[in-house]
Each structure stands twice: as C-alpha cells, then as structure tokens.
2 protein chains.
Amino acid sequence: MRTVTKDNITDVFMGYFGPDTDPRLREVMASLAKHLHAFAKDVNLTHAEWQKGIEFMEWAGEISDKERHEFVLLSDVLGLSSLVDMINSVPEGTSSSVLGPFHISGAPDIPFGHDMKRDYEGEVLLARGRVTDPSGNPIEGAKIDIGQTAPNGLYSSQDPDQDTYSFHGIQTTGADGAYGFTTVKPVSYTVPTDGPVGDILRATGRHPWRPSHLHYIITADGYRPLVTEIFPDDDPYLDEDTVFGVREDLVMKYVEQTPETFPDGYDLSGSVDEPYLVADFDLKLVPLT
Amino acid sequence: MRTVTKDNITDVFMGYFGPDTDPRLREVMASLAKHLHAFAKDVNLTHAEWQKGIEFMEWAGEISDKERHEFVLLSDVLGLSSLVDMINSVPEGTSSSVLGPFHISGAPDIPFGHDMKRDYEGEVLLARGRVTDPSGNPIEGAKIDIGQTAPNGLYSSQDPDQDTYSFHGIQTTGADGAYGFTTVKPVSYTVPTDGPVGDILRATGRHPWRPSHLHYIITADGYRPLVTEIFPDDDPYLDEDTVFGVREDLVMKYVEQTPETFPDGYDLSGSVDEPYLVADFDLKLVPLT
C-alpha cells in the first residue's frame with residue numbers, strides 16, 4: 001500500500017498525474033501544490049483554521065455574482081493581482097495595473113471630446129493624451145475603454161442610482177493617436193467591506209482605501225493589450241493603495257487651468273466658467289512579438 | 001511614493017498590517033502571502049492563467065450550497081485536507097483522515113446492534129470494536145458518528161432517493177467501550193466530477209475514485225475528537241485514493257463468517273442465512289492535554 005505522509009504528499013500528488021497532461025498545466029499545478037503544502041506545514045495549520053478558510057471561500061462564493069467579484073477583490077488585497085501585472089509588464093510600455101472587480105463590458109462608443117461628467121457635482125477634469133508605440137509614434141484606431149467611479153466613490157456596477165454605463169465609454173483614436181474627454185475629478189474610495197475580504201482587512205488592521213484613479217484598457221491591432229490606471233500625485237492614499245496598484249510611471253499631476261484656456265473640440269467647449277483640471281497622459285503600447 | 005515591485009510586494013503587504021493584529025493571524029497571513037507570491041513568480045503566472053483561476057473559484061462558489069462543498073473537495077483532491085490531518089495527528093491515537101464534503105450533522109441516535117442496511121442489496125457487514133484510550137482502557141459514553149454511501153456510491157446528501165439519514169447514525173458506547181452495528185458492505189465511489197474539481201481531475205489525467213470506507217467521527221469528554229475512516233485491505237483504489245485519505249493503521253480486513261456464527265445482540269441476530277463480513281476495528285482516542 002502506498003503510504004502517504006506529510007513528507008511525500010507533494011510527490012504522491014504529482015505521481016497521480018496522467019502522462020498526457022499539458023506540460024504547462026503540470027508546471028503550474030506542481031508549483032501550486034508545493035507552495036500550498038509548504039504553507040500548511042510552515043504554520044502547522046490546524047483543523048479549525050482550515051475550516052475558517054473553507055468558510056471564507058464559501059462566503060466569497062455566495063456573495064459573488066455577475067457584478068460582485070469577491071475572488072478578484074481577494075486576489076487584489078493579497079497583492080496577487082498586482083504581482084501578476086508586474087510579472088507580465090514590458091518595460092518599453094506604460095506599466096499595467098489592476099483592473100479590479102468592477103469593470104463592466106460593453107460600454108458605449110464615445111467621440112473625441114465627449115463629456116462623461118454631465119450633471120454630476122465636482123471639478124471638471126479634462127483627460128487627454130496620445131496612444132503611441134514605444135518610440136512615440138501615434139497609433140491610429142486604438143480603443144480606450146475608460147472607467148471611473150461617480151463622485152460618491154461607487155462604480156455604476158455597484159450603484160443602482162447610476163445608469164449602467166455612467167462614467168464609462170470607449171474612445172477610438174484617430175491618425176494622431178489622440179484621445180480626450182471631460183469627466184469629474186475622480187475621488188479616493190474604499191473597496192467593498194461587507195464581505196469576507198472586508199473581514200480580512202479589519203482583522204489585520206488595514207484600511208480599505210484606494211487612491212483616486214482613471215481606468216484605461218487600451219487595445220490596438222498588432223499591440224499587447226494594456227490594462228492600466230492613472231493616479232494624481234496628491235492623493236493621500238498613494239503610498240498605501242489597499243490593492244497595491246500604484247506604479248511610479250502611472251502617477252501624474254492634475255494641472256489647474258483658467259476657464260478661458262479651455263480648448264475647442266470638446267462638448268464643454270465654451271461653457272466652462274470655473275477653473276478646471278487637466279490630466280495629460282500618453283499611453284505607450286508595445287508591439288506583439 | 002512607495003514603489004511596489006515584484007521583489008518587495010510581500011514585505012509591502014506585511015507592512016500594511018496594523019500593530020494590534022493577532023500574532024497567529026499575522027503568522028498565517030505572512031506565510032500565505034509568501035507562498036502565494038512565490039508561486040506566481042516561480043511559474044510566471046500569466047493574466048490568462050490568473051483569469052482561469054478566478055473563474056474556477058467563482059464556479060466553485062456557484063456550485064456550492066449547504067450540501068455541496070466544492071471548496072472542501074478542492075482541498076481534498078489537492079492533498080491539503082489530508083496534510084492538515086497528518087500535521088495534527090497524534091501518534092498515540094488512531095490516525096485521523098479526511099471527513100470529505102458529504103458529512104451531514106444531526107444523524108439520529110442508534111442503539112448497539114442497530115441495522116443500517118435495511119432492505120438495501122449487498123453483503124451484510126458487521127462493524128464492531130471498542131473505543132479506548134491509548135492504553136486500551138475502554139471509554140464509556142463516547143459518541144461515534146457513523147456514515148457511509150449507499151450501494152449506489154452516493155451519500156444520502158447527494159441522493160434524493162435516499163432518506164435524509166440513511167446509512168448515518170450516532171452510537172454511544174457503554175461501560176465496555178464497545179460499538180457494533182450492521183450495514184451493507186461499502187463500495188468504492190467517485191467524487192463528484194460535474195464541477196470545477198472534476199475539470200481539474202480530467203485535465204491532469206486523474207481518476208475520481210475513492211477506496212470504499214466507513215466514516216467515524218468519535219467524540220468523548222476529556223479526549224481529542226477523532227475524524228477518521230477505515231478501509232478494507234482488498235479495495236482496488238487503496239493505493240491511489242484521489243483524496244489521499246489512506247493511512248496504514250486505517251486499513252483492515254473484512255473477515256467472512258458463516259451465518260451460524262452471527263452473534264446475539266444485533267437487530268439481525270437470528271435472521272442472517274448467508275455468509276457475512278466482520279470489520280473489527282478499535283478506535284484509540286488521545287486525552288486532551
């Protein structure tokens with residue numbers, strides 16, 4: 001009889017694998033089992049702790065649905081999502097960063113100059129820049145999937161009072177690679193704390209805040225897709241983003257401008273009569289190899 | 001600004017912890033983060049693989065309910081459940097083994113000699129033994145929560161055609177520490193393969209079989225609870241239990257007996273007219289310290 005022990009269980013586990021197992025799957029599962037088993041042995045995990053872990057996962061499953069992704073949030077607050085971003089980042093391009101659990105697909109196309117702020121309260125932010133290759137050449141036809149919270153700190157997917165796609169839109173660049181739109185100045189917000197991930201944060205004395213940001217997902221034929229977000233440099237949570245999403249090159253300055261400088265070509269052109277902010281940020285894509 | 005990198009993310013993660021964090025929670029989370037991050041780095045986990053993992057967990061959550069515990073099954077087939085058993089086992093007592101995802105609470109009390117087989121087809125198995133301390137002294141008032149599958153390989157919690165507690169019961173030992181009941185000879189069975197865990201088994205070329213067994217959960221005042229299961233030594237899956245539950249001291253022999261030897265004191269006494277099997281197994285509990 002094969003005797004399974006705590007010393008050989010990882011080998012026994014791998015010995016169960018069939019000969020036709022995909023080599024990459026074998027590699028991933030071998031490392032997963034090695035680290036999972038080493039974790040349990042390193043801390044001498046008790047039955048009661050194991051049971052808590054199971055109940056945690058079951059609760060995360062129960063609270064999840066099409067719009068609530070507690071396992072993504074768990075990965076985010078454990079630093080796994082950011083680590084995967086960093087492992088797969090390409091130094092020639094703009095850094096990637098976490099997408100987070102609130103992204104919704106199917107946002108409407110918006111033209112250059114579109115206003116996403118509408119009647120919401122808050123400072124006008126004009127966000128603009130160019131999508132380029134690593135040498136700075138403009139990329140035409142790049143699609144930028146834009147998303148942010150409303151001024152109440154909630155994404156539309158979390159907030160029944162918002163339209164499905166409020167503060168979301170997809171803009172396509174022209175020959176000059178330029179994008180540009182107006183919105184409301186993003187706010188710092190907390191990740192949801194009413195589920196098991198909130199329990200972890202409380203139990204470990206962590207706050208649930210993220211620095212304010214704009215999400216951009218950029219796709220263009222022939223280039224690696226880029227999932228990223230940009231942060232203003234004066235946000236109080238920049239040093240301690242609860243999901244570890246801040247990268248040095250994604251931090252930029254909102255520059256305040258007087259109303260008369262507001263450019264043409266925007267829905268709000270001619271109607272801005274207060275100082276407004278400008279977020280100028282170029283997005284560098286890396287060609288597919 | 002604090003720059004998070006793949007080299008410092010584990011330290012940054014621990015740096016977020018509050019000073020009042022429970023020391024054991026800090027220890028467990030530090031090891032979990034260390035191994036989780038090392039896993040992602042060791043295999044250079046891609047975004048697509050991460051996404052598959054998230055979808056796996058979400059599916060496991062969706063398929064789980066009060067009677068289906070896919071996260072327990074995942075822990076079982078990854079060897080984690082068995083490893084936790086082995087980490088916490090006490091050499092002086094009977095080995096513990098996995099409870100599995102099908103246990104139901106609240107089984108009815110059954111007297112010594114009770115027949116759980118009733119009208120089900122199959123060989124009669126008489127299971128008996130004593131609950132003792134490590135020196136072999138009988139333990140009075142020990143409760144044995146007994147469970148097994150029906151001959152179709154399904155637990156009552158999986159099978160709408162069975163009564164809620166068929167093949168389940170709780171027996172309390174008398175002054176001699178003895179337990180005894182009749183049932184049907186257990187069968188090898190497969191864990192459920194219609195969920196994400198089934199997908200893992202198929203993708204890695206693993207079979208879903210468990211060797212046949214009887215589950216015993218034994219509790220007694222002043223002793224460590226024991227969750228275990230016993231296996232006949234002729235089961236074809238003894239060497240490759242898909243949940244790694246077999247321990248040397250839990251393997252025993254079903255001894256065939258002629259009908260006229262059937263003992264008094266059992267519901268079936270006097271009515272057995274075919275050869276029957278005997279599973280004699282003593283259960284050693286370890287005092288609480």
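Two strands are taken to pair if DSSP finds at least two bridges between them. The structure examined here is a predicted model. On this basis, strand β8 (residues 226-232) of chain B pairs with strand β9 (residues 251-252) of chain B. Two bridges join them, and the strands run parallel. Within this pair, B:Phe231 has B:Val251 of β9(B) as its bridge partner.

β8(B) also pairs with strand β7 (residues 214-219) of chain B. Here the strands run antiparallel and are joined by five bridges. B:Leu214 is bridged to B:Ile230 of β8(B). β7(B) and β8(B) form a hairpin, with six residues between the two strands. In the turn, B:Gly222 has a positive phi of about 90°. Six of the seven residues of β8(B) are buried, so the rest of the structure largely encloses this strand.

The largest nonpolar core has 123 residues. A:Val131, A:Ile218, B:Val131 and B:Ile218 have the most contacts inside it. Leaving aside residues up to four places away in sequence, A:Ile218 touches A:Val131, A:Ala142, A:Ile144, A:Pro225, A:Leu226, A:Leu283 and A:Leu285.

The contact between the chains takes 67 residues from chain A and 67 residues from chain B. On the chain B side, the elements that give two or more residues are α1 (9-15), α2 (23-42), α3 (47-63), α4 (70-77) and α5 (80-87). α2(B) gives the most, with 15 residues. The residues on this side of chain B comprise 36 nonpolar, 18 polar and 13 charged.

Definitions and conventions. Residues are numbered from 1 along each chain as its sequence is written. Chains are lettered from A and ligands numbered from 1 in the order in which they are written. This is a predicted model: local features need pLDDT of at least 70, side-chain atom pairs count only at pLDDT 80 or more; totals for chains, interfaces and linings use all residues. A residue is buried if 20 or more other C-beta atoms lie within 10 Å of its own, exposed if 12 or fewer, and partly exposed in between; C-beta atoms are placed from the backbone. Helices (H or I, at least four residues) and strands (E, at least two) are DSSP runs, numbered from the N terminus. A nonpolar core is a set of buried Ala, Val, Leu, Ile, Met, Phe, Trp, Tyr and Cys residues joined through C-beta atoms within 7 Å. Two residues are in contact if their C-beta atoms, placed from the backbone, lie within 7 Å. Ala, Val, Leu, Ile, Met, Phe, Trp, Tyr, Cys and Pro count as nonpolar, Asp, Glu, Lys and Arg as charged, and the others, Gly among them, as polar.
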